[in-house]
Amino acid sequence: MTERLSDVTTGTDTTEVGRESDPAAQSRDPYDATSRQTTEGTVYTVTGGDWDEVVAEAAGDERIVMNLGPQHPSTHGVLRLVLELEGETVTQARSVIGYLHTGIEKNCEYRNWTQGVTFVTRMDYLAPLHNEAAYCLAVEKLLGVEAPARAQTIRVMLMELNRISSHLVALATGGMELGALTGMTAGFREREEVLHLLEFLTGLRMNHAYIRPGGLAQDIPVDAPQRIREFIKVMDSRLPDYDKLLTGQPIWRNRLAGIGYLPVDACLALGVTGPILRSAGLPWDLRKVQPYSGYENYEFEVPTSTEADSFARYRLRLAEIHESLKIVKQAVDRLEPGPVMVDDAKIAWPAQLTIGADGMGNSLEHVRKIMGQSMESLIHHFKLVTEGFQVPAGQVYVPIESPRGELGYHLVSDGGTRPMRVHVREPSFVNLQSMPAMCEGGMVADVIASVASIDPVMGGCDR
């Protein structure tokens, strides 16, 4: 009975004899993926060859090879670190990514230009509005259009609110990973304030799809300035608590100071940007050096440090929250009445539609117009929604400053209604290269602090 067992789900002989009965299996390269025939076709089994190699290299030594993640609360969800240890010292560290791969770039190539927004907003899910803004700026550059002034001001305001919420998550999760649980509860408490405000402004807490090519999906509510000013008061009253709770706390300082050191030359060699680069002393911020969306008209500082360690990155993110609040205040004061979408009927969808009383569908007035009064309007509406607008052939690269560094969109158009190629220069992916340089030679407990200071979001890294 046990000589020829069969897998009841696939009808495949899974015994040793059955597995190797295939002649091709006898001459198979040991590094090839193994395969088996099922009723659904050939199924390939891909194993972690890197793990086998690492273990083989360490055999016979006093080294320990350890998997940290991907199922680990301190590796940002789905990041796998393979560490070689001598005692508690990390001799070699490598990252394994791809556990959250979603194929967003390729998906964008099978949707029209407006629908692409709903995909890119899900990449770096802690900074969705930055992804939307960068993507739309790239599409607008191909189209040769510029969003109206009011739309640009609202975009800046939303991006800075999003930067605040992202940095709060970095502080909160970093605190959780190092045992400062009150820091976690405080960080997420303040983030909720931001998300409530974003929901009020855009309709959703995250994955907004609110910034569209040509402007915005719709205008913000009438009483938005008042709500934003109330939020700023709350944040101004609560932010000093972080200095009392963490900055001056000796255990927190000892866990971060001198840990994850990465000087400016190493940052430049690895392409690292954002708070990591600024913590090494280089004031590189695209909002200042390559302004976009009118950032040149706002007054704010670019915080820097020269310590180049995890504690410096923590303090920088806290300082950047204060600077973002300054920009939000200025943006509210700069808001002036006006359109929030370009005045081009071949692009402006759906901002020129009148929203229904439920805030979701179209109003009866708009439906009457396109359904009962103008056949041309109905045809145009149908084609614009189903096919989308055409974008002139060409390619562009547009970078912006996301909470993690340079977020750039490289779009290629062949003149059609959907992108020919979408590629994203994602800062989490690039910055993660610095992990071995920060961790090797240090203690295994300090790996957690170093990775937390990088603040990678694996949705953006794997995308």
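Axes here are lines fitted to C-alpha atoms, for helices over the stretch in contact, and angles run from 0 to 180 degrees between N-to-C directions. This is a predicted model in which local features need pLDDT of at least 70 and side-chain atom pairs count only at pLDDT 80 or more, while totals for chains, interfaces and linings use all residues. Residues are numbered from 1 along each chain as its sequence is written, and side-chain values use heavy atoms, with hydrogens and water left out.

Let us start with a helix pair. Helices (H or I, at least four residues) and strands (E, at least two) are DSSP runs, numbered from the N terminus. Helix α7 (residues 149-178) packs against helix α8 (residues 181-202) at an angle of about 160°, and their axes lie 8 Å apart. Therefore α7 is roughly antiparallel to α8 (angles under 35 degrees count as roughly parallel, over 145 as roughly antiparallel, 65 to 115 as roughly perpendicular and the rest as oblique). The two helices cross in a left-handed way, meaning that the near helix is turned anticlockwise from the far one by less than a right angle. Contact means heavy atoms within 4.5 Å. On the α7 side, the residues that meet α8 include Leu-158, Leu-161, Ile-164 and Leu-168; among their counterparts in α8 are Leu-181, Met-184, Phe-188 and Val-194.

Next, have a look at Arg-122, in the loop between α5 (116-120) and α6 (128-143). With a relative accessible area of 43%, Arg-122 is partly exposed (buried means under 20%, exposed over 50%, partly exposed in between, with a 1.4 Å probe and protein chains only). The side chain of Arg-122 comes to 2.7 Å from the backbone oxygen of Thr-118. Beyond its neighbours within four places in sequence, Arg-122 is in contact with Ile-104 and Asn-207.

Ser-279, in helix α13 (residues 275-279), is buried, because its relative accessible area is 0%.

Finally, the cysteines. Cys-136 is buried at 0% relative accessibility, and Cys-461 is buried at 3%. A search of the whole structure finds zero disulfides (pairs of cysteine sulfur atoms within 2.5 Å).

Technical notes:
Polar contact = N/O pair within 3.5 Å; in protein donor to acceptor, adjacent residues only side chain to side chain.
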